[in-house]
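Reader: I'm new to reading structures, and I'd like to take a close look at one single part. Could you walk me through it slowly?

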Amino acid sequence: MRLTVDGQAFDINADPEMPLLWALRDLMGKTGPKFGCGIAACGACTVHVDGQPVRSCSLPVGEVTGAVITIEGIGTEGRLHPVQQAWLEEQVAQCGYCQAGQIMSAVALLDEVADPTDADIDNAMGGNLCRCGTYPKIRAAIRRAVVLKTAGI
Amino acid sequence: MASVGKIARRTFLIGAAAIAGGVAVGYYYYRKPYPNPLEGDLVADEATFNPYVKIGADNTITIVAPRAEMGQGISTTLAAMVAEELDVGLDQVKVEHGPASYAYYNSAILEEGGPFAFFDESMTAEVVRAGMGVVGKFLALQGTGGSASTRDAFLKMRQAGAAARQMLIAAAAQKLDIAAADLETANGSILHKASGKSVTYGAVAATAATMAPPADVRLKDKADWKLLGKPQKRIDMPAKVTGAPIFGIDVTLPDMLYGTIKMSPRFWAKPVKADLSKAGKMPGVIKIVPIETNYGHGFGIIAENTWAAFKAAEAIDAEWADPEYPLDSAAISEVLKQALSTKGSVMRDDGDVDTAFADAPREKIVEADYTVPYLAHATMEPMNATARLKDGVLDIWCGNQAPTLVRQLCASVVGIEQDKVNVHTTFMGGGFGRRVEVDYALCAALMAKETAGRPIKVIWTREEDMRHDAYRPAAIGKFQARLGGDGMPVAVDMTIASPSLIASTLRRLFPSISPLGPDKSIVDGAHNQPYTIPNYRVTGVAAPVSIPVGSWRSVGSSINGFFHEGFLDEIAVAGKTDPVELRKKLMAAYPAAVKVVEKVAELAKWGEALPAGKAKGMAFTLSFGSWVGEIVQVADTPAGIRIEKVWIAADVGTALDPGIIEAQLISAAIYGLSAAMAQEISFADGMVEQSNFHDYDAMRISQCPAFEVAILENFHKMGGVGEVGTPPAAPALANAIFALTGKRIRTLPMSREVTFA
């Protein structure tokens with residue numbers, strides 16, 4: 001089957017039941033999305049399919065029809081997405097394992113709501129678990145990203 | 001503390017096994033340094049000065065920060081220690097974890113392993129501390145834990161930077177023919193201001209590294225620090241916001257196979273019957289192999305991708321033997337209860353507790369029973385390791401908190417010498433004590449024996465991870481106090497029963513060593529608190545339950561912080577004393593503690609009236625050398641109790657990076673609150689009942705309170721940072737809920753009794 005991931009086409013030979021996460025990680029070398037639970041309960045595997053945040057650990061790759069964007073596709077160290085830039089400036093990450101998923105959820109939130117309320121943030125980010133407890137900084141970084149995006153950075 | 005003399009005559013765990021071996025070896029050998037492990041590992045035109053510093057001719061400066069980065073920011077702070085003295089910025093250096101080596105032993109990790117309180121500076125306590133440090137070197141434990149990394153490194157890593165700088169200056173002096181005293185350093189170069197001449201570190205590194213290290217290493221005064229004491233940008237942050245492949249689970253090697261494990265859901269039990277035929281025939285499955293280690297028994301599935309391995313693991317049809325421990329949580333609780341009435345080890349015994357209680361009038365007695373459950377670490381990154389056994393050499397890639405242990409035990413399980421094992425330590429997606437264990441590495445090493453030299457990445461499912469942990473032990477405590485006429489306690493008697501995590505750890509790691517003496521972790525956080533009560537007895541009892549238990553963020557203090565501080569709140573209420581005032585009076589002999597309590601009370605405006613439906617609770621715990629007070633404010637809402645705000649004051653002695661310290665204190669408090677609110681590992685039919693985040697969840701962003709943190713530096717010894725915020729979190733919350741509702745919570749998790757919004 002053929003998938004478009006981060007703007008690049010991949011032809012893979014996978015069991016259609018295989019979750020998108022494992023197709024990305026094991027068959028396409030995209031290790032940015034992380035495995036945390038396998039049941040869509042922690043959000044570490046969050047990627048965008050057609051611009052919508054999805055839990056790739058629970059989405060069979062055979063059902064993916066749209067373009068997939070992972071953390072590796074939104075920015076690079078030399079050219080960060082405003083949300084990544086905000087994460088850097090707020091020094092959000094501790095262990096960092098959940099942050100790819102957190103950032104992908106935050107990007108999707110800000111694409112939909114330019115200036116989210118606290119309740120919007122709670123709703124959009126509630127599915128992303130962080131065992132290091134970086135939530136106060138995640139909240140601050142989303143606020144900062146709003147400003148960076150508005151400024152066109 | 002009055003009990004020191006009595007206790008010192010006995011043996012105690014770790015101390016018992018370790019001091020006996022350590023002291024005999026003598027001072028000379030202790031002083032002799034381990035060889036520099038970087039010598040054999042240099043690239044072209046690179047020179048090494050000591051185990052912490054490499055400099056290339058192109059002026060690439062590499063600092064080795066040999067402690068596990070699991071989110072606590074240790075790689076940044078350790079690198080800053082060397083960079084500070086080397087006089088370079090953190091943006092000018094590369095930071096590596098480095099190889100597994102005895103040169104990176106952690107002596108501080110055991111320093112507080114004796115039965116003494118942190119503030120006890122008696123001769124006996126200091127002698128034992130020094131002895132433990134020596135032991136740390138002999139055990140050569142390259143470990144990350146006990147919130148000990150900065151304390152262990154503070155002198156030796158600054159010295160490493162300073163020595164290298166002095167050697168570089170000496171080499172530059174030769175090269176430029178200028179007296180060393182006339183040279184200065186800045187930005188990786190050595191300058192002679194008067195003549196304007198300069199050379200880079202790289203240009204003289206090769207010569208400098210051959211010079212004798214200075215006999216007199218001069219360290220900067222604290223006032224001259226440019227990096228230490230100030231918040232640094234974490235060196236790992238860019239990689240962590242871009243999804244870079246930095247974790248064990250991201251390791252990718254040519255020709256790599258994938259795998260997972262299915263271990264007995266009953267600890268230590270072997271399979272009685274197993275049908276592997278269906279699983280073995282599934283697409284993508286290459287081989288299923290038996291796994292036997294000191295951690296337990298089961299199967300390893302070798303496959304072409306992780307998903308195929310997971311599916312095959314599910315399809316294995318096995319029956320497992322009966323467990324050797326009680327079948328369910330009720331039966332386990334019963335064993336703990338029974339243990340309470342058996343003879344334990346008295347770890348604090350001030351005054352005469354029996355006499356103090358003998359004639360106590362009933363109305364002056366406060367009594368309470370407390371319990372806490374087993375807990376899983378539930379790191380975000382499920383356990384995993386990648387291994388390759390080729391041409392008699394084992395390479396193993398994994399996040400781990402003890403590389404020398406990984407090396408030793410993997411060598412043993414594969415049947416090769418330790419010098420044929422290379423441990424590549426990656427960043428960890430959380431540790432919290434889980435990666436002190438080595439089970440994930442042993443499984444991968446064993447499976448690598450079956451792949452004809454191909455590397456294999458072995459990833460556990462979340463379910464396997466949740467059900468095969470070394471859990472925070474369950475515990476039960478019996479507490480009694482006698483109040484005086486002024487409402488203050490004149491006597492307290494505390495007995496805590498819990499499975500011994502040291503005995504459990506030895507069974508997994510060194511089954512040939514029998515534990516000797518009491519396990520002080522059972523009473524940690526209860527016997528060593530800075531309170532003066534005339535009659536004060538704390539007894540620990542090891543309960544015979546063999547479910548694997550280990551170190552969970554703040555270890556014994558995670559249990560006893562809740563017990564001790566919940567009970568102190570009960571004493572305050574019974575004696576009609578304000579909980580903050582009660583603590584200040586009891587800790588009057590320890591000014592650092594008083595200042596912490598005063599600070600957190602001031603931050604939280606303790607004592608000011610709150611609107612109806614809101615209340616505050618406070619708790620204090622001294623652990624890992626840091627004095628921490630926390631106040632939690634809760635509110636009654638239609639959806640349940642909401643944790644609105646948490647104030648933390650912590651005296652860490654010397655604050656090396658206030659930004660990282662604040663983040664750690666908040667992180668540790670959230671970790672403790674998450675557990676207190678809803679976490680529990682329970683048992684049925686000898687198996688863990690929980691399996692994933694749906695039934696073992698943690699605090700979510702919507703539940704996260706606001707935080708305000710104050711970092712103090714009053715005490716004269718440096719404390720740890722990564723764990724110390726956890727112990728006071730649960731009791732502060734319980735005490736706040738009591739203040740709000742009148743309901744005293746003595747059993748965790750609290751979700752059994754209240755609903756959280």
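B:Glu713 sits in the loop of chain B between β27 (706-712) and α22 (729-741); helices (H or I, at least four residues) and strands (E, at least two) are DSSP runs, numbered from the N terminus. A word on the source: this is a predicted model, where local features need pLDDT of at least 70, side-chain atom pairs count only at pLDDT 80 or more, and totals for chains, interfaces and linings use all residues. Residues are numbered from 1 along each chain as its sequence is written, while chains are lettered from A and ligands numbered from 1 in the order in which they are written.

Now for the surroundings. Leaving out residues up to four places away in sequence, B:Glu713 touches B:Asp651, B:Val652, B:Gly653, B:Thr654 and B:Ala655; contact here means C-beta atoms, placed from the backbone, within 7 Å. Take B:Val652: 61 residues separate it from B:Glu713 in sequence, yet their C-alpha atoms are 5.8 Å apart in space.

Let's step back to the domains of chain B. The assignment gives domain 1 (33-106 + 141-240), domain 2 (249-323 + 383-459) and domain 3 (329-375 + 471-752), with bounds from an automatic or database domain assignment. Over C-alpha atoms, the centres of domain 2 and domain 3 of chain B are 37 Å apart. Their contact takes 13 residues from domain 2 of chain B and twelve residues from domain 3 of chain B.

Definitions and conventions. Contact = placed C-beta atoms within 7 Å.
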